[in-house]
Amino acid sequence: MTLDLFEKFDPILNDYNSLPDGAENPFTVSMEKVLSPTTAIINGRETILAGTNNYMGMTFNPECMAAAQEALTDFGTGTTGSRVLNGTYNSHKQLEETLKEFYDCQHAIVFSTGYQANLGVIATLAGPKDYVVIDTDSHASIYDGCAMGNATVVRFKHNDPDNLDKRLNRIRRDDPEAGILVVLEGVYSMLGDQAPLKELTRISKKHNAYVLVDEAHSIGVFGETGRGVAQEQDVEDQVDFIIGTFSKSVGTIGGYCVSNHPKFEALRLVCRPYIFTASLPPSVVASATKALELIASTNLRSKLLDNSMRLNKGLCDVGFNMGTTGESPIAAIVIDDQDTAIAFWGEMIKEGVYVNLALPPATPNRMNLMRCSLSAAHSFAQIDFMLEKFTLVGKRLGILQDKVASLTG
Amino acid sequence: MTQNVDEIFERICTLLKPFNKKDIAIGKDTTFSIDLELDSLTVMDMLSEIEDEFDITIPLNMLPDLETVGQFTDAVHKLLSE
């Protein structure tokens, strides 16, 4: 008898099949119509979007849309080819020039997704004799980049400089000549915590390691001109590679890596996730280029962080156990058990608020999270509506009463 | 300061105590996933503690080949001997 290739998925399918049907299932939800960066029609009703990573509200920006429409008309729906064959248009080069200006650096390479940027750069840069050292809470694309490459992979404890130092010490002791790439994230997406880049880059440089920082959740959000946490913490000269995405603050899709390494362009010849895929469609390239210009020239960061602080503080004040502090655009309520978290999500969507249900293993420390990502496009009235609904559902499910009872009891 | 395999096994067993929620008897054939019921994330956390205990680098790449406590012990022994 032959084995069923799908048998190994039975445990996860069983979990999946035990989820509520229909409208309350967080994994089958779809948007019938998107009205704005912060509202959509879901299950026939107008819903506030509070979990879309649309930090700058760029998806409906009139200038970005006009640029995309013009490119669509002039260049068609897609390039149908790789960057190294027919898929490089002038606009792809222009986008890379815009990135170089944005980061004030020598080289920029655009990938078709942020996932592929991490996959390609990590897997290609670190070869069989090299080491990649990653944070335990790294995004899946970083883990997958490690798995795809041939380097030795070592993990250090999340945001812990001493733990990193210990590991780099051992690597250098055993192999003084090894090439080492330390991979960090500016902001970790689930709890919105920043990496202490000053300490982590200092230790990395002490051991002659290269540093890569993924600014996926921090481009547009932090730094004087929106470059991210490396700019915010004033360590850009200590960072060798910055990776980012166009799918959050930039409002479309695509990934990039920028660097001042003199041989950086070599990646175009050897990086398989760059070579063996079609390039971004012209309309996407056009809106990304325009959005980067807008991020550099307008400051929506304080509005975004005000929104986040308002929601975080409000949720904390009514008694929720928060995983976040409001210093990033993320607000995450920690829910003790998974079934309550799933029920919470279903109640929120019925009340007209879309948030993210985040469950292990995608979360740190096996937390169940109701995760919100705020947008500069949210109004205070929308934030207050979210707060009202969170409080209502929290009471309905007994989470908030429990808290009060345990405090007084 | 190469240690013998039995000493390493004993030290690993001590480190495993906090992960041994059901308090089962640990032998060299004990598996992390089935016997100790540890998920892959917990195994990675445990690996980190073993690295610090023995002051060695255990590459993440080795994890798929380390299913039992005995295999882990042998791997640590080999890394210490190198």
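This is a predicted model: local features need pLDDT of at least 70, side-chain atom pairs count only at pLDDT 80 or more; totals for chains, interfaces and linings use all residues.
Three bridges join strand E8 to strand E9 (residues 241–245) of chain A, and the two strands run parallel. Within this pairing, A:Leu212 has A:Phe241 in E9(A) as its bridge partner.

**Around strand E8**

- On its other pairing, E8(A) meets E7(A) in the parallel sense, over five bridges.
- Here A:Leu184 has A:Val213 in E8(A) as its bridge partner.
- E7(A) and E8(A) also belong to a right-handed β-α-β unit, together with helix H7 (residues 197–206) of chain A.
- How many of the five residues of E8(A) are buried? Five of the five are, so the strand is largely enclosed by the rest of the structure.
- A:Tyr210, A:Leu212 and A:Asp214 point one way from E8(A), while A:Val211 and A:Val213 point the other way, and all are buried.

**Strands E5 and E6**

- E5(A) and E6(A) run parallel and are joined by five bridges.
- Across this pairing, A:Val132 stands opposite A:Val153 in E6(A).
- E6(A) is mostly covered, with five of its five residues buried.
- From E6(A), A:Val153 and A:Arg155 point one way, and A:Thr152, A:Val154 and A:Phe156 the other; all are buried.
- With H5(A) between them in the list of parts, E5(A) and E6(A) make a right-handed β-α-β unit.

**Helix H5**

- Which residues are buried in helix H5 (residues 140–148) of chain A? They are A:Ser141, A:Ile142, A:Gly145 and A:Cys146.
- Seen down the axis of H5(A), these buried residues fall within an arc of 145°, so they line one face of the helix.
- The cover over the buried residues of H5(A) includes helix H4 (114–125) of chain A.
- Strands contribute to that cover as well: it includes E5 (131–135), E6 (152–156), E7 (180–185) and E8 (210–214) of chain A.

**An open sheet of three strands**

- Chain A also has an open sheet of three strands in the order E11-E14-E13, with antiparallel pairing.
- Its edge strands are E11 (330–335) and E13 (356–358) of chain A, each of which pairs on one side only.
- On average, neighbouring strands of this sheet are turned by 25° against each other, direction ignored.
- E11(A) and strand E14 (residues 368–373) of chain A run antiparallel, and six bridges join them.
- In that pairing, A:Ala332 has A:Arg371 in E14(A) as its bridge partner.

- Helix H12 (residues 301–318) of chain A lies across E11 and E14 of chain A, and runs at about 20° to E11(A).
- Helix H13 (residues 338–350) of chain A lies across E11, E13 and E14 of chain A, and runs at about 30° to E14(A).

**Where chains A and B touch**

- How many residues does the contact take from each chain? Eleven residues come from chain A and ten from chain B.
- On the side of chain B that touches chain A, five residues are nonpolar, three are polar and two are charged.

Technical notes: Residues are numbered from 1 along each chain as its sequence is written. Chains are lettered from A and ligands numbered from 1 in the order in which they are written. Two residues are in contact if their C-beta atoms, placed from the backbone, lie within 7 Å. Ala, Val, Leu, Ile, Met, Phe, Trp, Tyr, Cys and Pro count as nonpolar, Asp, Glu, Lys and Arg as charged, and the others, Gly among them, as polar. A residue is buried if 20 or more other C-beta atoms lie within 10 Å of its own, exposed if 12 or fewer, and partly exposed in between; C-beta atoms are placed from the backbone. Helices (H or I, at least four residues) and strands (E, at least two) are DSSP runs, numbered from the N terminus. The arc is that of the directions from the helix axis to the C-beta atoms. Two strands pair if DSSP finds at least two bridges between them. Axes are lines fitted to C-alpha atoms, for helices over the stretch in contact, and angles run from 0 to 180 degrees between N-to-C directions. A crossover is right-handed if, with the strands pointing away from the viewer, the path from the first strand over the helix to the second runs clockwise.
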